[in-house]
Every structure is written in structure tokens, then in C-alpha cells.
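Work through the following exercises with the coordinates open, taking each solution one step at a time.

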Amino acid sequence: MNTQPNHANDPSLLELWYNGGLDLTDHLYIPVEDEPQPAEKYRPKHNDAVFARHLYRYARVFNVAGTVLCILFSLLMILTVANLPAYGDPDAPTVNEVAERYVEQGTAETGAVNTVAGMILDYRAFDTLGESFVLFTAVAAVTILMERKPKKKVRRAEVISYAEDDIVRVVSRFVIPIVLVFGVYILLNGHLSPGGGFSGGAIMAAAPILYAMVWGDEQASRVFTARRIRTVVVCALGFYCAAKSYSFFTGANHLPSIISTGTPGNIFSAGLIMPLNVAVGLVVCCTMYSFYMYFRRGSI
Amino acid sequence: MQELLNHLNNLPFNYEEAVAVILFAIGLSMLLFCRNLLKKVIGLDVMDAGIFLLLADRGYITGRTVPIIVDGVTEMEYYINPIPAGLVLTGIVVSVSVTALMLSLTVRIYKTYRTLEIDKLYIMMTNWRKGERE
Amino acid sequence: MSFVQNFPFFTIILSLICAVVSFVLSKNASKWVSVALLSISSVLNLAVLVYCSQNNTDFTYMMGHFPAPWGNELAAGVFESLMALLFAFVMLMSILGGASHVEHDVAKQRRHLYWVMVDLTHAALMALCYTNDIFTGYVFIEVCTIASCALLAVRGGGRVLIASVRYMIFALVGSGLFLMGVVFTYSITGHLLFPQLREAIALLWRDGSYRLSMTVAIGLMSVGLAIKAGLFPFHFWLPSAHGRATTATSGILSGVIVKGYLFLLIKIIYRVVGVEVFHASGVQNVLLIFGVAAMVFCSAAAVGSRRLKTMVAYSSAAQIGYMFMGLGMGTEAALIAVFFQIISHALTKPMLFLASSSLMDSCGGHQDFRSLRGAGHRNKPAGFLFTVGALSMVGIPMFIGFIPKLHFASAAFGMGWRTWAVLGALVISTLLNVLYFLYTAMLLWLPVNDDNRPSFNGKSAWRHAAPGLALAVLGMAIGLQSAPLAQLLQQGIALFCR
């Protein structure tokens, strides 16, 4: 099943057919291993050096073709954008009833002062659900590709401990809480000001990554264990799925929803948007940290 | 010809979009024709950056401000279009995920073959003396 | 509103939840979660299909509290539910047939992630089938791409990694072009949902404004999806990806994922752009020409291939050419032929991959044509499956592969130069199919004396071949009696092209 043997001169169907390889009177099975190898002079005259020379010649053709294609394609695309509505045009087709409703009634209908947050987490929430699952898929795929057992013994010379440096240690101790608090602020204010789950989560992820860089991967993997990371991701995504299923199901079946929008502008308002931002932020934070650890170390 | 020129009447206004699509074309050509895997990944990100720049430009309206409602003013003529911003956000997240996957594939290939040049990989894969071809 | 109308949404959200849950389960449990999910999804999609065809209706499903131009939407009709049912069923059969190979090929600590990826792929395919929003389509295309690349790369080994990098590069070029097309479409229409887009595009085309950007946008979206589906000049990734993956993945990649992208393209052509605008934009002829070229050149490449699985994969590329040729013909009869082709290929190709893996096992892992001689005697179920698949691919009457060829040929008349292109390509491709598929099938049944290799004719071989047999029986049933399916497709087309 998994074995992929290198057979000398496997014939293609055409060669078999042409050389009469399918001899219907031949009832003898000849094992492949015992077949006489064709003599040296019948083999193709290729060797690695000749092949490489051919290949590099093709590579030059590739460069020229790439440049020509790039220029032609840019010309076509420039013609196309010249045909688009003018930049900054207030009468462009994109400024239609859809954008108008998002801006004019968005605050009343979703409770979010930040129209973009209201749009991505309430009006077009299915897109954003898919987007979070793109991240989840990527994390699982990177785990498949990069996960390996961490080396038991690391040679002393390879370990550079930044924590022995006073400046780095003190500054990191000072910076990590600030980064975390700033990330949480961005996360919780997603419906009120620029920000939200994705940006806040990315900022928050800087804190554990900095921790791992300064105090070493071993220490970081003792604090942020794989089990904890996995639990956080699964809980956050499960909550996201459950909340959005409820909202989609009630919306489509015209059932009343128990979620109120609250007073726009308050921190506890906008219905599900703030909890969803927190869930997305946690997922993004764990994702970024896992990417870092898998690339750095091969395991969380 | 006249018709084609009529098509182009917005070129002086749309120079930012022109830059964006040139970036897109450069990234696309890098992704297809560069002979190094890492450069292909860089090309992928350049290509995505071009798309996001174009999308962000499409949302801008001259003289208006970000679509965050202040002081209860909800008329559309004060705010830019919020939809492209949301689409760019989604696109960036997708781009990050795809880049991570491509980079991990690149790392694995480097660990297996100790090279990132497509030509060398191809030579190693297509070992002519063993007659092993697709 | 009937409760059945919730089912499309349930299939999507259920598979997302299953993926999240499988992430923390053990490897065996997650496998059974996947099997249960795919079975439930088949049943739900069948219910939707019965509902739509009995009431002769299609419906939209509001995702959230906001109606069409503002919120996301799902749409389901006969075609959508038929495709979703086909995808779920074929995936189920592929993973059941390939489960033992997965256990062999995938390392123990990653095996539960394999099943997570199967769940995610299924979610993405369901979303591609049912979506009524072009940007949701883009997002789930990406989920599908990443998940299928992981399904491919999970096997490990240098060549598989290179195959997955190739696959990924072409897939990314395709999704980049598609996203660019979406951006252009959005900036000249201002909408993202299918019905609104269609109105706006028809209006703009009548006015004649933004015609250049419209043509380029249609071209970009079509080319992007065609690259992802593996149309001829961009098919280089396909044989290595489909041929090197583990069996279940080969079945999923060739039987289902390619068709997911193709079905999204069909939806864009018929429900967004409108077939008149698509015809007038000139992209149609491009698809026809490349489809015809794919049929001829990829069949020729299959004749020249040296390995069984590579041959089967090249034949996939040729079959994809048939589908794009049908899209390029642009008539309703051709669209029915395309759907027959999708169904026939989705039922036959996973079966062929399952059979070729079993045949490979009975040859001690070799898949060159000399070793395969007489392999049918050593593994009768697999040999039988391969023969049925080969006869179907060649287009022998009574097998399912005959039906789409018949429909393509009868749809081709009265189209000027296209008639000759289509008929010529059909003839050449069928002749080449005879050369490689029938020849291989004969090779399998040649008598062999002195064979001391172990044979696999016990009960376990039949049990192993059961999912493939299910696909074969279904294919034979459709091949013998295609009238009900044709009627269903007629009904679907009346709803779809409204």
C-alpha cells in the first residue's frame, strides 16, 4: 500500500501494446524482479547533468514567459480598472441601499456603533463563521504537517536564554501585561470602536509568543499546554457555532429571539456581538500562538 | 477604438486601483513562474495585498469618514461604505491561514529534500536513471 | 415554512460542529463521527430533494434576521439538493472503502485530524452547493482548498508533499483570480447575493455600461474556478495529487471536490451572470475549446502513463473536459448532459480508485502494468469493480458512462462549427478510452500460471469491496433505467434557469 517501488523502465500502455507485450498465448507469469535488464546502450542517454542543463534552459524561458505574461496581464487589468467607477465617487453603484441600511439602521438593528462589526457579525454572520473555520482548518492542517515529538535533549549550545539578560527580562515583564490588556480592550470594544475579534486576538497572541521567546519554549509549553489550547479553541468555536445556530434558526423560522440589542454605545450592548468577538479573539490568539510554536518547535 | 477610449475615461481617477492590479499581476506571476518555493509564498502574499488594496479603494468615498456612528448621526452622506472593509477583513484572515499552510509545506519539503529550488526538486524526483516518471 | 427547509442549514452546521468535536476525540471515535455525519447528511439531503421535487419548488433560507440584499442566504432546489446528496453519498462510500488504507497510510497521532478534515471538506461542499451569496462561496472555497490539501498531505513522504504543494499553488492562483472577479463584480453592481446580482448584471448589460469590466470579471471567475477544477492547460497538478493520495482521499478529490467547484461555476453562469450574457461575453467559447482540448490531450496522456493510478487520474482530467465542453455548448440539453456526466463520474471514479488500490495490494504494492497482469484472478471483487468502471468509462451501453455521451452527442447537433468539434472530440476520446481502459481490464483477466503470489479472494475482500459495489450497483441501475433521473433533471432545469 505505502510502498512505492522504483521499477526500471516500467512500460506505458502504449509501449506494451506496440511491442506486443500483451501476448495472449503467454501463460507464464514472469516475476518482475527476475526480468533481464536491457543493456546499457538501449537506455535513454539522459543523466542528471544533461537533464539539469535542459532544465535551466527551460527556467530561462520561464522567466521570460513570466515577465511577458505579467506585463500583458497588468495591461488588461489596468484597462479594466479604468473602466470601473471613479475613485471616491459618491454615486458609484456600490453606494446603494445595502450600504445605506448598514449605516443608517445598523445601530438600531444590531446595537453596534461600529458598523463594520455589526455587518460582519450580524448581517453577514455566515461569512464570518466560515472565516473562523478557515482559521480552524489551517490550524489543524499545520498540526498535521508540522507536529513531531519534541527533542528530549537539547544541546546546551543551542539554547539561547534571553531571560538571563536583565534588560530583556524586565522589559518583557513590563510589556506582556500591557499587550494583554490592550488586546482585551480591542476585543471588548469591537462593537464600539475600530477593532474586534480578529485584531484583538492577534494583539493578544503577541503576549504568549513574547513569553515563549524570552523564557524559552519549554517553559511556555508548561504554561500553555496543548490540552489547554485545544480546550479553549474547542469551547470558543463550540460557543460560536451554538450562538450563531440559534440566531440563524430563529431568524429563518421567524421566531422571536431573546437576545436584545441593549443601549447602543454601552459596553454591554449589541446582543451577541461582544461575546462572539471574545470567542473569535480567543480562537485567533490560540491559532497564532500554535502557528508560532509549531514552526518553532514542532509541538505546543 | 473610440469606444475603447470611452471605456478609459476614469483612468486619471483610478490610479490607486491601477497600482493595486499591477501588484496583483506581479504576485500572480511570482506564484506561477518563480523557481523558488519561498518566493512563491511571497508572491502569494503580494497577490493578496493587491486584491485587498483594490477592495479597500472601492469602499472609499471622497470627504467622508469611517463608518462608526458618532453623536447619533446616521445619514449615509457622512460615512464611507462599510462592506469592503468587512470583505477585506475576511480576506486577510483567509490569506493568513493559506500562508501558514504553504509555509508548513515548504518547511516539510526543505526537511525532506534540503532544497527549495523547484529545478533541483524536479531533478531529484525525476531520476532518469531509474526510469521513474509519472 | 416547512421544517424540511431547515435541513440544508443543518447539514452545514452539523458538520462544522462535528469537526470541532472530533478535534478532541480519539481516532476511532472521530472516524465513526464522520461516518455518522455523512450518513445523516445523505438522509437530510434526500429529504430536501424529495420535498423540492414533489412540490416542484425551490426556496431560499435566510441566515439570520435580515432578508435578502442585506443578510446571507441559502438557496435549495432540485439541482442543489441532488448535488449535495451525491457529494455526501460518494464521500461516505469513499471513506468506508478507504478506511483500512487510511489506517495504514496515516500516522497514529494524526489520524483523528484526518477525520476532522473530512468533516470540514463536507461542510465546505455543502456550503458550496447551497450558498446563494458569492462571497460565502469564496470563503468556503478556501475551506475546501485547505482541507483537501491537508487530506492529501497527511500521507507524508516527499512525493506526496511535492504533489500537495503543486496542488496548493494552482488552487491559490485559482482562488486569487476568483476573488478578483468577485471584487470587480461587486464594484460595478454593489451586490453580493445571486438574485440581486443577476438583476443588476442584466440591467448593466442592456445599458452597455461597464461592459469591459463585466467581461473581465466573468472571465476571471470562470478561469479561476476552471483552474481549481483542473481544466486542460492547468491540469498538471491533478494526476500527481489524485494518484499519490491515500485511497479515500483520491476518491474524495476526484469524485467530489472537483465537482464542488464546477457546480459553483454552473450556479454562477446560470443564476448570477445569466446564460445570455455569458454567451455574449465570449467566455463560453473559451470553455468549449479548452474542454475539447482536455478530452483529447488528457486521454492521450492517459495512454502514455506508466502507472495504474496515474492513468485513472488522467482519465479524470479528460472527463472534466467533457463537463466544461457541455458548459461551453450552453444549451439546456447540454446542461442536462453535464449533470449526467457529473453523476456518472462521481459514481465511477471513486470506485475505480478503490479497485486500483486493492489490485495494487494484491500485486505487492506494484502498480506498473506488467505486475498487474492477471491481478483480477487474485482479487476477484476488485477486478470485477475495475472492469465495471472501465466499461462504464468507455461508454458501453447499459453502463452509466454511456448516458452522458449519448446526451452530449444529441445536444451537439445544429450548432455550426461546434457540432464538429464536439462530435470529433467525443469520438477521439472514446477511442482512446477503449485503448487504455479496455486494454487494462483485459490485462487484469489474462491467465497466469505458476503464480505464487497470495490471492485475496476471501470474505474480507468482498467486505472491503462492498462500498465500491454499492456505487457500481447504483451506476448500473442508472445506466439501465435513466428515464426517471432525466425527468428529475428536466424538472430541476426548469427551476434552475428561471
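**Exercise 1.** Determine how many residues of chain B are in contact with chain C, and which elements of chain B supply them.

*Solution.* In this predicted model, counting residue pairs whose C-beta atoms lie within 7 Å gives 30 residues of chain B in contact with 26 residues of chain C. Sorting the chain B side by element, those that give two or more residues are α2 (15–33), α3 (37–59), α4 and α5 (118–125) of chain B. Of these, α4(B) gives the most, with 13 residues.

**Exercise 2.** Decide why the radius of gyration of chain C agrees or disagrees with that of a compact globule, and describe its contacts and burial.

*Solution.* Begin with the expectation: for 498 residues a compact globule would have a radius of gyration near 23 Å, and chain C, with 22 Å, agrees with this. Next, the C-alpha trace of chain C spans about 75 × 55 × 45 Å along its principal axes, and the chain has 20 helices and two strands. Finally, 67% of the 498 residues of chain C count as buried, while residues 24 or more positions apart account for 80% of its contacts with a separation of 6 or more.

**Exercise 3.** Find which residues of helix α3 of chain A are buried, and what covers them.

*Solution.* In α3(A), residues 97–104, the buried residues include A:Val98, A:Ala99, A:Tyr102 and A:Val103. These cover an arc of only 125 degrees around the axis, and therefore lie on the same side of α3(A). What covers the buried residues of α3(A) includes α4 (106–110) and α5 (115–123) of chain A, together with α4 (83–113) of chain B.

Technical notes
Residues numbered from 1 in each chain as written. Chains lettered and ligands numbered in written order. Predicted model: local features only at pLDDT ≥ 70, side-chain atom pairs only at ≥ 80, totals over all residues. Helix = DSSP H or I, 4+ residues; strand = E, 2+ residues; numbered from the N terminus. Rg over C-alpha atoms; globule rule 2.2 N^0.38 Å. Buried ≥ 20, exposed ≤ 12 C-beta atoms within 10 Å, placed from the backbone. Contact = placed C-beta atoms within 7 Å. Arc of directions from axis to C-beta.
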